[in-house]
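Please keep the sequence and the structure in view while reading.

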Amino acid sequence: MNFNSFQFLIFFICVLTLNAALYRRAKGRNVLLLASSYAFYMSWNWKYAGLIALSTLVDYALGLRLAGEDRQARRRMLLVVSLTMNLGLLGLFKYYNFFADATGDLLRPLGLDLSLPHHSFLLPVGISFYTFQTLSYTIDLYRRAIPCERNLTRFALFVSFFPQLVAGPIVRAKDFLPQLRRGPRVTDERFNGGLRRIFRGLLKKVVIADLLASLGVDAVFANPADFSSLDLLCALYGYAFQIYNDFSGYSDIAIGAALMLGFDIPENFKRPYMAANMREFWRRWHISLSTWLRDYLYIPLGGSRGSRSRTHANLFATMLLGGLWHGAALNFVLWGAWHGGLLALTPRRKAVVKQNPGLRITILRRLLCFHLVLVGWLLFRIEDLADLGVYTSGMLAGSGGSRLSPLYFGLLALAALLHFTPRDPLVRGGHLIDRLPLPARAALWAGMVLLLGGMSLEGPSFIYFQF
Amino acid sequence: MRFQQLKVIYFSLLLLLAAECVVELRASGRGFDTVLFGGDPLERSQATPGYGPAPGWPYRSHVPDPDDRRPRVWLASGSYLHDVHVPPASNAASRLNLALGAEVLVVNYSGAGWDMTHNTLMLRGEQADALPGIAVLYQLTNDLTALARTGGQETQRQSGTNNGDDFFSRTLERTTSYAHLTTAITARLASHSVQEDGLGVQGATGYASRVRDFIRACRERGVQPVLCTLARSTGGQDPATLRPEERRNMFRYIGNVSALGWLRTIDRWNDVLRRVAEEEGLLLIDVDRALTGRRELFRDLVHFTEEGHQALAEVLRAGLQPLLKASLGGAGEAK
């Protein structure tokens, strides 16, 4: 059930209606949201609902045990059980085949022909997201940073809350469980803001991301040898805006849907291509993942507490694993390594602030940072590493002419304009809508549904669903 | 949270429903299939006693008696033979049934939008007593649109999803608003995509593998497969010969193949059918050579007029004659 599908529209309206009916009954409301979340997940593949249920039950039980346990050795053991189970499932479904191949390839030069069998399980949608979410709960509990959740319905809802279940933002227990205990808060302003946010996300997804993909990016990346340098460069720019609008569009819809149900989930993007250096980029891009990696991986590894080389090694290892989180493929590892290397080379924040550069320098830094990110996107998008050489040599060949349509270039300009204008016009325009009378607002939203429906070229679902 | 807050959503839904009612009323008046006004007026207006679709017989061809044990010939196809624009008694399957006489039952085993994968799946899932002796495959452009979406490759789903085949999506796709939107916006946008002038070797390989899978399914079930090439309204490969509505129709379904690409691919895949038939030792009925370029037989690039259905039935009868003679000893002689 994609967010940009008619099925989701009907589903969400039903959930909103029932939620309004049960709004004052905490237990019934939570059961409704939990049942809706499982129904939503089972619409993708009903068989894998058992996996979430398993993760939920194990972490709930471990949480209860952790809360009642004072002996440090036992607490550590309970944490290890949680890590093993969650990462074991993730590893089995997502990484087993990749590492089986890699092991075989590594041992072959030593004369050992070890062909480990492959499994043919489909990757459960959203497994990387909800695994990280439940892990944050057990780790925070182990650190005594949060209280234990004793209500199973509330805990299960935290793990499976449907707006952010399949592609984030990754919600922390310390942010979400208190909201479930306190109850949702739906004011007119929050409800209308949520609705506007959903349409903003749909516009980003359908009008910018999907059209950029359908009108040029997909075709160019499929056969880079058939296109000129100009087309290759513009397809790479296009992909940068496609992936941003696709993923931030999904996050907008998730945040908007949660807001309409009365919950706050964290922001995931702050116009990342405005960053002046790589550290800033990672404070603006996929914020919920980067802060998760910082708090649960980088800092436990030692963070920046050790020597400079140790800090660099920690950063590099964190980003390498961050790359691998996206998928079991060499290009994601290279993407992670590229960002890890760049982060290690970026001066620490204090040094950057001290310099207080002028506007021109800031713009130049932003341009440089954007183009460094662009190189990363090339590694990320390319499916076959053999195409990397074809793509880069084609881009550097300097050949002119274009097979891309003027509509593609117009769309690219629009995407850049929306991203780089000082205040997001989609946000500013949104507030004016609330001042319209009800029939006009309803007509506007109905018109948007028709327009977005017509513009929905049959394209892929959200890019981050595959992670 | 109050129901008051949901008013804007309910109001928007009402407006959408009202808009759908208006366009459906107009479409229904013109004889089109609509969701709200009783299904398929074309189907109703063409209801012919003794012909499907009927309860227990979804096929647009002659309804047999329940204990009918005559040898069956399936015409496994898509909208070319399902064709709701032609009364069931006048489509190629029914005319072929008449032409072959009482010894054989021809079943129009076709559906609008079905591609070859669907035909194969149906064949594998059919009950043994309903299976035919011969299955005639007439299927190409639906596979072209399916394979064009993946750059010519057969793909497997990467993650566990079952999107796009639910009740809501199917209902949405039947609405008149959807039809208007796909024609007015989607097709226009799609025509701005980067278009390939064909699906290349990968496409031909993907198509050949579909054909071979159909043949395999036939053999597994003890059915004799027969292949047909596909006919089209214009011969040659000059897109300028296409009528505007023929061209626009292509982009309604897929935007990354140019008009030239469509013509080239149809020709190339017809050659695939000829080659596979030869390699597998199968009967091939060359409908392409018999009917392509006879514009009066087509209402668009690949769909037939009533006259076209009659012509197709004659080509199929003539093509099937040797096979029927061998297996039935005489059926198929011109009646």
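Is the crossing of H5(A) and H11(A) left-handed or right-handed? In this predicted model, the crossing of H5(A) and H11(A) is left-handed, and the section below sets out the geometry and the residues that go with it.

## Helices H5 and H11 of chain A

The axes of H5(A) and H11(A), the latter spanning residues 287–298 of chain A, come within 12 Å and cross at roughly 35°. On the side of H5(A), the residues in contact are A:Phe132, A:Leu135, A:Ser136, A:Ile139 and A:Asp140, and they meet A:Leu289, A:Trp292, A:Leu293 and A:Tyr296 of H11(A). Sorted by class, the residues of this contact comprise 7 nonpolar, 1 polar and 1 charged.

## Helices H3 and H6 of chain A

Helix H3 (residues 49–67) and helix H6 (residues 152–160), both of chain A, have axes that come within 10 Å and cross at roughly 130°. An angle over 145 degrees would count as roughly antiparallel and one of 65 to 115 as roughly perpendicular, and H3(A) and H6(A) are therefore oblique to each other. The crossing of H3(A) and H6(A) is right-handed.

The contact brings A:Ile52, A:Thr56, A:Leu57, A:Asp59 and A:Tyr60 of H3(A) together with A:Leu152, A:Phe155, A:Ala156, A:Val159 and A:Ser160 of H6(A). The contact of H3(A) with H6(A) has, by class, 7 nonpolar, 2 polar and 1 charged residues.

## The interface of chains A and B

Contact between the two chains involves 50 residues of chain A and 35 residues of chain B. Between them, chain A and chain B bury about 3,900 Å², of which 70% is on carbon and sulfur atoms. Of the area that chain A buries against chain B, 13% is supplied by A:Phe6, A:Gln7 and A:Leu438, more than by any other three residues. The rule for salt bridges finds 0 across the interface of chain A and chain B.

## Backbone features in loops

Most residues other than glycine have a negative phi, and most peptide bonds are trans. A:Arg144, although not a glycine, has a positive phi of about 60°, and its place is in the loop between helix H5 (127–142) and H6 of chain A. A:Arg271 is likewise not a glycine and has a positive phi of about 40°; this residue lies in the loop between helix H9 (229–260) and helix H10 (278–284) of chain A.

In chain B, the peptide bond from B:Gly52 to B:Pro53 is cis, with omega near 5°. B:Pro53 is placed in the loop between helix H2 (41–45) and strand E1 (72–77) of chain B.

Technical notes
Residues are numbered from 1 along each chain as its sequence is written. Chains are lettered from A and ligands numbered from 1 in the order in which they are written. This is a predicted model: local features need pLDDT of at least 70, side-chain atom pairs count only at pLDDT 80 or more; totals for chains, interfaces and linings use all residues. Side-chain values use heavy atoms; hydrogens and water are left out. Axes are lines fitted to C-alpha atoms, for helices over the stretch in contact, and angles run from 0 to 180 degrees between N-to-C directions. Helices (H or I, at least four residues) and strands (E, at least two) are DSSP runs, numbered from the N terminus. Angles under 35 degrees count as roughly parallel, over 145 as roughly antiparallel, 65 to 115 as roughly perpendicular and the rest as oblique. A crossing is left-handed if the near helix is turned anticlockwise from the far one by less than a right angle, and right-handed if clockwise. Contact means heavy atoms within 4.5 Å. Ala, Val, Leu, Ile, Met, Phe, Trp, Tyr, Cys and Pro count as nonpolar, Asp, Glu, Lys and Arg as charged, and the others, Gly among them, as polar. Buried area is the accessible area (1.4 Å probe) that two parts lose on being put together, summed over both. A salt bridge is a side-chain nitrogen of Lys or Arg within 4 Å of a carboxyl oxygen of Asp or Glu.
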